[in-house]
Amino acid sequence: MTTTAEPGAATAQAGPDRHTPEALQAEFDAAVAADTRIEPRDWMPDAYRSTLVRQMAQHAHSEIIGMQPEANWITRAPSLRRKAILMAKVQDEAGHGLYLYSATETLGVSRDELLDKLHAGRQRYSSIFNYPTLAWADVGAIGWLVDGAAITNQVPLCRCSYGPYARAMVRICKEESFHQRQGYELLLALSRGTDAQHAMAQDAVNRWWWPSLMMFGPPDDESAHSAQSMAWKIKRHSNDELRQRFVDICVPQAEILGLTLPDPDLRWNEERGHYDYGAIDWSEFQEVLRGNGPCNEQRLERRRAAHDNGSWVRDAAAAHAAKHRKAQA
Amino acid sequence: MGDDALVLAQRLGEWAGNAPVLEEDVALTNIALDLLGQARTLLSLTGDEDDLAFLREEHEFHNAQLVEQPNGDFAVTIARQLYFSVYQELLYTALAEHGGDLAPLAAKAVKEVAYHRDHAEQWTLRLGDGTEESHRRMQQALDALWRYTGELFQPLEGLGVDLPALRERWLEQVTAVVEKATLAIPQGADHTPWAAGAGRQGVHTESFGRLLAEMQYLHRAHPGASW
């Protein structure tokens, strides 16, 4: 909706009727229909704004909580090359968190506010990060499956109707694809390594496969926000569509890896031209969302501790900046 | 030098996800990555980087005791970074000028280290000249680590750099930052009483064994495997 980039000019030309709620809504709807990007200064429905805040904040939170399961292995990485790759990845995630908080701030909320909500458990992060990383191979499984699922979800977001979000996703997807390839390559090295390494890789895939499928969210007939988000072009594809796309990509990749996926019902369906897959245990998903996953408490506790232990540092930086400003004035 | 960079990278890696602000998660990991890169280059000059990192025991490591010191609070980490990055910048500058085998590496690394030093200086200023609490913590951190600084300037044979001569410039630079931060240069010995040479001769502090146990366990559990 870049046509309103010069609000002064627009006001001068158009009469006051351009600003009735109906007119604003019509202009917004037309912009969405025409695939024009909505920008921060544009009028938007309150519900559109709050949906975006919810989704983008959750996305940002996922990046920073997502640092924990992988950072868990930085000090124990088995080679210096792998250690460097993992450190770079965790650093990228902090960077993605920063982009996404900035993008969310364009909607009129502050990063501090969002972090407070995360720490209070009032905003969510991706359920996947409530699973533990129990072995080195988990780092590879996260790269291949978790980042793979994230990319499948996020590539369509590069065309999302809200400009700042779409642009953040373009940058993030490039880096995520790189991480995903590295995770795949890590698993490949293990799979082709010693028997113990192969077993470690298979065990990690067994534990991460189903949680990765849950990353696409509830089935279409139970997804509360889907229809509205698709109408607003925040979302471009349904949860089940994206999940199917992901399964179809993963099966041949698993074959190349020499690893199996833990689903006895997984098979090619000639008629549909897709892989059929087994039923997802949605009760587990609901439990994890309710806070009862294996690491929910630990992840949030760690995040709060980092924030609380750092408060004197942030206070010091603020006090120093205030003194410095005063001194310059 | 490779061990210094490796061990400090390992310590900084422990900060990932635990920093006071997201920007510091990025910065500390960034510094750790630079140091790990330096370590890999330096270790590769003398053998296989992974054999050297994962298959030596405590007494075979030659890093200074300063870099193995636990992270402590953010002030301790910053004090360690200040002492070490000023030293490293002087050392790499001297190596680059000296023109020996290490000159190309040093010339590249000195750019990274200048950034590390700037980061440590900025935080020393913020913490020293911030709140009462941050001032107290920063001074405590500088004091606690002071006794590990002398070791950095022990003469090292074959390096081609007069390390003892660097100490004066190091002290000048560190003093300038510390005083600007309204803090004081610690009084007292810059060596522990029993350890002449210490880390450089393979004599380490207690926490170092645990650092290696964590770093090496997986590699050692799968002898000969490639990763």
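Biologist: Hi! Among contacts in chain B between residues at least 6 apart in sequence, what share joins residues at least 24 apart?
Modeller: Hi! That share is 79% in chain B, counting contacts between residues at least 6 apart in sequence. Keep in mind that this is a predicted model.

Biologist: Noted. How many helices and strands does chain B have?
Modeller: Chain B has nine helices and zero strands. Its pattern along the sequence reads α-α-α-α-α-α-α-α-α.

Biologist: And why call chain B as compact as a globular protein of that length?
Modeller: Because its radius of gyration is 17 Å, close to the 17 Å that the globule rule gives for 227 residues. The C-alpha trace of chain B spans about 55 × 40 × 35 Å along its principal axes.

Biologist: What percentage of chain B is buried?
Modeller: Buried residues account for 60% of the 227 residues in chain B.

Biologist: Let's zoom in on Gln10(B). Where is it, and is it buried or exposed?
Modeller: Gln10(B) sits in helix H1 of chain B, which covers residues 2-13. Its relative accessibility is 3%, so Gln10(B) counts as buried.

Biologist: Which residues does Gln10(B) touch, leaving out those up to four places away in sequence?
Modeller: Gln10(B) touches Thr75(A) and Lys83(A) from chain A, plus Leu211(B) and Met215(B) from chain B.

Biologist: Those last two make me curious about H9(B). How do the axes of H1(B) and H9(B) cross?
Modeller: H9(B) is residues 207-221, and its axis comes within 11 Å of that of H1(B), crossing at roughly 80°. That makes the two helices, H1(B) and H9(B), roughly perpendicular.

Biologist: Which residues meet there?
Modeller: From H1(B), there are Leu6(B), Val7(B), Gln10(B) and Arg11(B), and they meet Ser207(B), Phe208(B), Leu211(B) and Met215(B) of H9(B). By class, the contact of H1(B) with H9(B) has five nonpolar residues, two polar and one charged.

Biologist: Back to Thr75(A), then. Where is it found, and is it buried or exposed?
Modeller: Thr75(A) lies in the loop between helix H4 (67-71) and H5 of chain A. With a relative accessible area of 5%, Thr75(A) is buried.

Biologist: What does Thr75(A) touch, again not counting residues up to four places away in sequence?
Modeller: Thr75(A) touches Lys83(A) in chain A, and Gln10(B), Glu14(B), Glu214(B) and Met215(B) in chain B. As for its C-alpha atom, a separation of 9.5 Å lies between Thr75(A) and Met87(A), which is twelve residues apart from it along the chain.

Biologist: Moving on to H5(A). How do the axes of H5(A) and H6(A) cross?
Modeller: H5(A), residues 80-105, and H6(A), residues 111-119, have axes that come within 9 Å and cross at roughly 110°. So H5(A) is roughly perpendicular to H6(A).

Biologist: Last topic: the largest nonpolar core. Which residues touch the most other members?
Modeller: Of its 171 residues, those are Trp136(A), Trp144(A), Tyr162(A) and Leu127(B). Helix H5 of chain B, residues 74-98, gives the largest share of this core, with 15 residues.

Biologist: And which residues is Tyr162(A) in contact with, beyond its neighbours within four places in sequence?
Modeller: Among them are Arg37(A), Pro40(A), Met44(A), Tyr48(A), Leu52(A), Ala103(A) and Leu107(A).

Technical notes: Residues are numbered from 1 along each chain as its sequence is written. Chains are lettered from A and ligands numbered from 1 in the order in which they are written. This is a predicted model: local features need pLDDT of at least 70, side-chain atom pairs count only at pLDDT 80 or more; totals for chains, interfaces and linings use all residues. Side-chain values use heavy atoms; hydrogens and water are left out. Helices (H or I, at least four residues) and strands (E, at least two) are DSSP runs, numbered from the N terminus. Buried means under 20% relative accessible area, exposed over 50%, partly exposed in between (1.4 Å probe, protein chains only). Contact means heavy atoms within 4.5 Å. Axes are lines fitted to C-alpha atoms, for helices over the stretch in contact, and angles run from 0 to 180 degrees between N-to-C directions. Angles under 35 degrees count as roughly parallel, over 145 as roughly antiparallel, 65 to 115 as roughly perpendicular and the rest as oblique. Ala, Val, Leu, Ile, Met, Phe, Trp, Tyr, Cys and Pro count as nonpolar, Asp, Glu, Lys and Arg as charged, and the others, Gly among them, as polar. A nonpolar core is a set of buried Ala, Val, Leu, Ile, Met, Phe, Trp, Tyr and Cys residues joined through side-chain atoms within 4.5 Å. The radius of gyration is taken over C-alpha atoms; the globule rule is 2.2 Å times the number of residues to the power 0.38.
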